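Have a look at the picture first, then read on.

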Amino acid sequence: MDKTYSTVIEALIFSSDEPISEGEIIRAIRGIDGEDIEITSSDIHSVVEELNSKYEASVNSFKIKKIANGFLFATTEENAKYLGFLSSEKSKRRLSQAALETLAIIAYKQPMTKPELEQIRGVNSDYILNTLLEKNLITISGRAETIGRPLLYGTTTEFLKYFGLYNLSDLPKPREIEEIMKDEDFIDQKNKIMMNYVEESIEKELENSEGENDTTE
Amino acid sequence: MYKIKLDQFEGPLDLLLFFIKRDELNIYDIPISRITSEFLEYVNLIKLMDLEVAGDFILMASTLMHIKVRMLLPREVDEKGEEIDPRADLIKALLEYKKYKEVAEDLNFMESNQRKLSYRGNFSHDEMIAPPEYDILLKNVSIFDLAKAFKKAIEGLKPQVVHEIRKINVTIDEQIQFILSKVMEKGEIHFLSIVHGMKEKIRIVITFVALLELAKMEKIGIRESPDFNDFVIYGIANG
């Protein structure tokens, strides 16, 4: 692939507010320079990696994230609190335990019906399904061919974006049952999450005392 | 008794996993009778607080009791002749649930990480709270438009219909006395001449009812009148 496409790809990604897919990038390049241009998805992925290491080397405030089957510019984590200060996005509530649990089940078992979901969770899930539908994290993907033709639920592109996934195979692998048995308590994960909460509360405090900190940072 | 915060558990399976973890029980060899009694204690607690949630827990409680009973009976065997553990289905459900509970924790972790990133178009999601400007408040509207709209609204008002209810003081007893006095005075009287001069319909109706009452009491008699649409009322002497 021609080296000059690096800037073309960068420009295409930069100009997009939504994740732009490798297919669209290829379409744009072939549309201008001819259908016989040799360019593959893996070319684009390696260009993106090159760009990212370039940004990292020059300590830039942004990088390209692979998300929701496409590429999107994102700010780096270091600046999160400043951006959060101005953006009400930050104040959005986090998902509840029930919502995360339901999403996890649907993500792996999709498409699935409500009774199948309730079978695994052991609780009525009407309310939580409606909440997730409203948030556009899941969608009705069709009807099962079984008696009564129940609705089938699946995850959305919004779901991938929300969790920063490129596609569904990026999902964390559920541990096999034998493995769960070996490691009965999952203290590690618990600690990880606790750390995240701690970090967030520190962030909040920093935000609150932003004015005083201006000079020190 | 220990205290449990209710919303800590996402359901009966979550609660069972909590018991198993807390007491370091072997998930493949759950002491059913012990866990059932603990579970029931909890169910009794939430039954007092939240009936809606309690339903799923009560279902699990009955499943546990069913398993407990089956544990006491001779074991059933499957087609290969192996004993079936009555707890097998429960264990399977618990492990399945646990698997996704772990993934949910991973997702939780990913969610926190993701919140630290902002994407292009980050601020476009924010609602624009612009200061109120008269240009915005009165978009392409003139005083004339407002006046026109006001006039239309006023004219469109439906005239209010008022039903006046007037009480007419007339009772059957009064009219009975009235008829009797007329009959006594004249001996015989035509109905039309009694009601003659009565303005309200209700007074005529009441008079007629009084007439029927009198006839029933056998104080007056009624006979045909030679005039069409009328009748004659006459007094009965011994009435």
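Predicted model: local features only at pLDDT ≥ 70, side-chain atom pairs only at ≥ 80, totals over all residues.

Residues are numbered from 1 along each chain as its sequence is written, while chains are lettered from A and ligands numbered from 1 in the order in which they are written.

**Chain A and its helix pairs**

Chain A has eleven helices and four strands; these are DSSP runs numbered from the N terminus (helices H or I, at least four residues; strands E, at least two). Of its 217 residues, 22% count as buried, which takes 20 or more other C-beta atoms within 10 Å of a residue's own, with C-beta atoms placed from the backbone.

| Helix pair | Axes come within | Crossing angle |
|---|---|---|
| α1(A) and α2(A) | 11 Å | roughly 125° |
| α5(A) and α6(A) | 11 Å | roughly 125° |

The angle makes α1(A) oblique to α2(A), and α5(A) and α6(A) are therefore oblique to each other too. (Under 35 degrees is roughly parallel, over 145 roughly antiparallel, 65 to 115 roughly perpendicular, and the rest oblique.) The crossing of α1(A) past α2(A) is right-handed.

Which residues do the touching between α1(A) and α2(A)? From α1(A) come A:Y5, A:V8, A:I9 and A:L12, and from α2(A) come A:I25, A:A28 and A:I29. Contact here means C-beta atoms, placed from the backbone, within 7 Å. By class, this contact has seven nonpolar residues, no polar and no charged ones. Nonpolar covers Ala, Val, Leu, Ile, Met, Phe, Trp, Tyr, Cys and Pro, charged covers Asp, Glu, Lys and Arg, and the others, Gly among them, are polar.

Over at the other pair, A:E101, A:T102, A:I105, A:I106 and A:K109 of α5(A) meet A:E116, A:L117, A:I120 and A:R121 of α6(A). That contact is made of four nonpolar, one polar and four charged residues.

**Where the chains meet**

How many residues does each chain bring to the contact? Chain A brings 42 and chain B brings 37. Several elements of chain A supply at least two residues each, including β2 (70–75), α5 (97–109), α6 (114–121) and α10 (187–208). The most comes from α5(A), with seven residues. By class, the side of chain A that touches chain B has 21 nonpolar, ten polar and eleven charged residues.

**A sheet in chain B**

Chain B has an open sheet of three strands in the order β1-β3-β2, paired antiparallel; strands pair if DSSP finds at least two bridges between them. At the edges are β1 (188–190) and β2 (220–224) of chain B, each pairing on one side only. Neighbouring strands are turned by 25° against each other on average, direction ignored.

Three bridges link β1(B) with β3 (231–235) of chain B, and B:E188 stands opposite B:Y234. Between β2(B) and β3(B) there are five bridges, with B:R223 opposite B:V232. These two strands form a hairpin with six residues between them, and B:N229 in the turn has a positive phi of about 60°.

Key. Contact = placed C-beta atoms within 7 Å. Axes fitted to C-alpha atoms, helices over the stretch in contact; angles between N-to-C directions. Left-handed = near helix turned anticlockwise from the far one by under 90°. Buried ≥ 20, exposed ≤ 12 C-beta atoms within 10 Å, placed from the backbone.
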